[in-house]
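The following exercises are to be worked through with the sequence and the structure side by side. Each task is followed by a solution in steps.

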Amino acid sequence: MYKKFALMILSASLGLSALAQVSQATSDDKTRLLGDVGLGLFHTGSINKGVESSNKFLPFVNATYGNLFARVDTFGIKVLPVAYGNLEISTRIAQEGFKQAGEPYSVTRNSPMPVGISTAQITPYGAFFVHGFHDFKSGGMLFDLNYAARFKVDSLTLYPQIGLEQRSAKYVQYLYGVTPQEAANSQNRLPAFAGAASTSPKIGLAVDYPIDRYNSLKLNLRKKWLDRNISDSPLVSATSQTNVFLAIAHEFH
């Protein structure tokens, strides 16, 4: 089913190319960095037992360089104009890996390595982001759909967001499943658990506050809810996850 859906996304994107309204990057754009670059404090809420939430200072990039792009945690290259955006080949820096601490057993999961196709459609009615990834660690699939609107309130720019994430059974099993062998190694303190496909709705709010003409303060809050195919795992201790980042960025024109 997931392979068919990925093929449908690709076929639809190629079909829309006939309606492309966005021109290729000019030769001048190809040598220029356009967008926001800075440093941010990223808080990632933990959903796993015995694992603390993380706080890290990391580079913040929401910019393009010719056909290359970075959108905070997603990076890639634009390969074909499509409607209000482009068909892209992209990857994402996943932070779902974990190592449990303080438990009578040891469980470690490395973060997935998702690679796939995506598009960012910046329309007069808001921005639509569609991602379809294959994960090379689990062999599973991740589909991520997001919509963001834009409002001005005095000097603030607000971007309310709504979206949906769907993970295939292989993806969920890799991160949150417990094999019979792992259950036996834990002396049955950890029951076996078979992961199944999951769907997680999410909401967010991004706030952009200008410091001066070229610098701004950026705040982004995201919350997603886990369905029972994840929250029922014996490795999981939450039914939702909240992520926040606060960044100071310089805008390149």
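**Exercise 1: The surroundings of glutamate 96**

A polar contact of 2.6 Å links the side chain of glutamate 96 to that of tyrosine 171. This is a predicted model, in which local features need pLDDT of at least 70 and side-chain atom pairs count only at pLDDT 80 or more, while totals for chains, interfaces and linings use all residues. Residues are numbered from 1 along each chain as its sequence is written, and side-chain values use heavy atoms, with hydrogens and water left out.

Task: Where is glutamate 96 found, is it buried or exposed, and which residues does it touch?

Solution. 
1. Glutamate 96 lies in the loop between β5 (85–92) and β6 (98–99); strands are DSSP runs of E with at least two residues, helices are runs of H or I with at least four, and both are numbered from the N terminus.
2. Its relative accessible area is 15%, so glutamate 96 is buried. Buried means under 20%, exposed over 50%, and partly exposed in between, with a 1.4 Å probe and protein chains only.
3. Leaving aside residues up to four places away in sequence, glutamate 96 touches Ser111, Pro112, Arg167, Tyr171, Leu175 and Tyr176, where contact means heavy atoms within 4.5 Å.
4. Besides the polar contact to tyrosine 171, the side chain of glutamate 96 makes one of 2.9 Å with that of arginine 167. Such a contact is a pair of N or O atoms within 3.5 Å; within protein, one must be able to donate a hydrogen and the other to accept it, and residues adjacent in sequence count only if both atoms are side-chain atoms.

**Exercise 2: The nonpolar cores**

Task: Which residues touch the most other members of the largest nonpolar core, and which helix gives the most to this core?

Solution. 
1. A nonpolar core is a set of buried Ala, Val, Leu, Ile, Met, Phe, Trp, Tyr and Cys residues joined through side-chain atoms within 4.5 Å.
2. Ile47, Tyr176 and Ile230 touch the most other members among the 19 residues of the largest core.
3. Helix α2 (residues 169–176) gives the most to this core, namely 4 residues.
4. A second, separate core has 6 residues, including Phe42, Phe60, Val72 and Phe245.

**Exercise 3: The chain as a whole**

Task: How many helices and strands does the chain have, and what percentage of its residues count as buried?

Solution. 
1. The secondary structure comprises 4 helices and 15 strands.
2. Of the 253 residues, 39% count as buried.
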